[in-house]
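These are my notebook entries on one structure. I record below what I looked up, topic by topic.

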Amino acid sequence: MSELFELGLWQVAVWWLVGTVVVASVWVVLAGQHRTVWTDRAAARWAWHWVSGGPSETERSMVVEVPRRLLVGAARTTAAAAVVAALYRQSGTPWGSGMGTLAAVGFGGVAVLVVGTLLIIWAAVRVYHWLRWVRPLHLALCNVAGWPEDKRPGSWIRVPRERAEGDDGVIVVMPPDWEPREAKKEAVLEIVKAKLDLHDVTATWVTAGRHSYLQVRPREPMPKVVRFADPKVRRLVEEAKPSAPLFGLTRGGKPVFVDLDSDSPHLLLSAGTGAGKSWTLHMLAAQLMAHGASLAVLDHKRHSHRWVRHLEGEGIIHYAADIEDIHETLIRLGEEAERRNRAWDHVDIDNTGAPTYPRLIILCEELNATMHLLKSYWREIRPRGDADLSGPAVRAMRNILYMGRAVKVHVFAVAQMAIANDVGGPAARENFAVRLFTTTWTKNNWEMLAPQVPWQRATGHKGRGFVVRGDQAIETQFLLMTEHEARELVMANRDVRVRPPEDVAGRADASPLGDSPRHVAEPRHVETAPKPVTLWRASRDKGVGIVPLTYAALSKARDRDRAKGLFPKPVVEDPSRPLYDPRDLRRWFELRSQRSSVDAASAEERQRSSDDDEVVVGAGGAAGREPGGR
Ligand SMILES: Nc1ncnc2c1ncn2[C@@H]1O[C@H](COP(=O)(O)OP(=O)(O)O)[C@@H](O)[C@H]1O
Ligand SMILES: [Mg+2]
């Protein structure tokens, strides 16, 4: 055989060695820049495919494929062995030249080449990993940790090739006399993160025997969706404390609860349109209702909470959609809060005889807009000379916000902006100690609602957001409860029914505002007195005309005179539907007629009655009287 190369066997071996080391190093460094140092695995796969005739072409049947691969693999290996054997012959056959020896040298040489190449690549990967990550970390950390610089890094640092991932993640063992102070721990973690270029990780400190060590692992993933329909989630909801509904799950499936009695009585929620604002409110409201809370909804958008809008019965107080109605309802709710608050007047420090009342949830869609509407409504109806610019409804909201916790009245509101000015200054806003963000929000919104916590970018993932409590922001996948599920949850636990669609006018009998608290003055007994009536019923146009005023004029006069303390007290102080003694009302009207203000009122009334088909309703019956019976 003529000379294959100008080189002998040993020269080829040396060139192969040099070439492989150079190529492997360049390859490993390049791969390392793309963070995928799997060069050795790739090389091993290639080697295997080369020797075995692969990769398989899966569309062919195994009967054809297996012999084909065997054949191709054998041919390649034999050809390579022949080249090695030829080189061996060329360099003078030092171990003899029989067929057996040639074959052994040929195939043995191929095996050595393949295994050797893989070993070199593997070594290059190890060296690269050591130089790129382990040694810099060792140098940066040994001072802080208190290990001598010449200690072998491998004896106290373990950095898997995929760094934080892998079975145990990164492990840094501290010397036995290491003092675990918070600042030091933080410094160690910061160095590990900086030197290993890690971002989304959790750090755990473990003490084992005399040593403590830091374990850094990738953060557990967020749940993609948290369905109420999932039995595990349902169990969490069922086992939650009555005062602390399940908000959702955070990383690693840990539940997020917020206790209304200890964390915050009121909630503020911010999100873009269609981000799940109403759904987030209803899943909380439904859970609380299932535990006995009553619910009032202020929804100027009208249809945000259809799941409850057509319910009636225990705990359903009122669904206010028109601004007049929201105005009335808020005043009633404010009075209810006030009444509950006063019920504490005689309670001493040992709390004996403390009043009890059901929790009352007020859902408020679009708090900012609602507050503005209430103010402009008040500007319209404000009596001449009244100095109050924001009006009784806004004032009631403010009072509820202040009293909230003690009286168990909770406002869950959607607000796009800092509502500081709208509900009476930053102090009022501070009563919303828990702020929620879901799906989409802007930096601007975040900084207005939760300025104390660094801004977190919205992911746009449905139901994914943050529960901000104090200066803690918990990433949360909010509980997904459909409207049907919410309604079923309430119906399974409370005595409520779906209102028949035709039962529209019958709504004058709205359910009372919760049970009347113990120790609060019981409603006066009215057996001998005539049956108490609502203002609605007392009005000339809507009811039986106990006083000769339209309902609109009557409510307006009521607001005006109540502020002056001239309007009769209701005999049944039910904020959603106060009932008055008809005799009181008649007496009031007589006295009022004697006052000069009567002229103004009847002028107003005349003007009002001209456009009477515009529905102006009070808290007692609004929900039932809207067009279409919604
Ligand atoms: N926690 C959640 N997880 C996943 N999807 C949700 C969640 N909450 C709401 N959604 C989805 O978002 C849609 C819009 O919700 P909705 O409350 O009506 O939005 P908004 O009131 O903000 O306009 C819902 O129909 C539902 O499909
Ligand atoms: Mg909505």
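Where is arginine 359 found? I located arginine 359 in the loop between helix 9 (323-342) and strand 12 (360-364). Helices (H or I, at least four residues) and strands (E, at least two) are DSSP runs, numbered from the N terminus.

**Basis of the entries.** This is a predicted model, in which local features need pLDDT of at least 70 and side-chain atom pairs count only at pLDDT 80 or more, while totals for chains, interfaces and linings use all residues. Residues are numbered from 1 along each chain as its sequence is written, chains are lettered from A and ligands numbered from 1 in the order in which they are written, and side-chain values use heavy atoms, with hydrogens and water left out.

**Arginine 359.** Buried means under 20% relative accessible area, exposed over 50%, and partly exposed in between (1.4 Å probe, protein chains only). The side chain of arginine 359 makes a polar contact of 2.9 Å with that of histidine 410. A polar contact is a pair of N or O atoms within 3.5 Å; within protein, one must be able to donate a hydrogen and the other to accept it, and residues adjacent in sequence count only if both atoms are side-chain atoms. Leaving aside residues up to four places away in sequence, I noted that arginine 359 touches several others, among them Pro242, Asp261, Leu288 and Lys408. Contact means heavy atoms within 4.5 Å.

I then traced an open sheet of four strands, with the order 1-2-4-3 and antiparallel pairing. Strand 1 (157-158) and strand 3 (201-208) are its edge strands, each pairing on one side only. Two strands pair if DSSP finds at least two bridges between them; strand 1 and strand 2 (residues 170-173) are joined by two bridges. In this antiparallel pair, isoleucine 157 stands opposite valine 172. Helix 5 (residues 182-196) packs on the sheet and touches strand 2, strand 3 and strand 4 (211-218).

**Whole protein.** I recorded 18 helices and 17 strands. Of the 630 residues, 48% are buried. Among contacts between residues at least 6 apart in sequence, 66% join residues at least 24 apart.

Definitions and conventions: Axes are lines fitted to C-alpha atoms, for helices over the stretch in contact, and angles run from 0 to 180 degrees between N-to-C directions.
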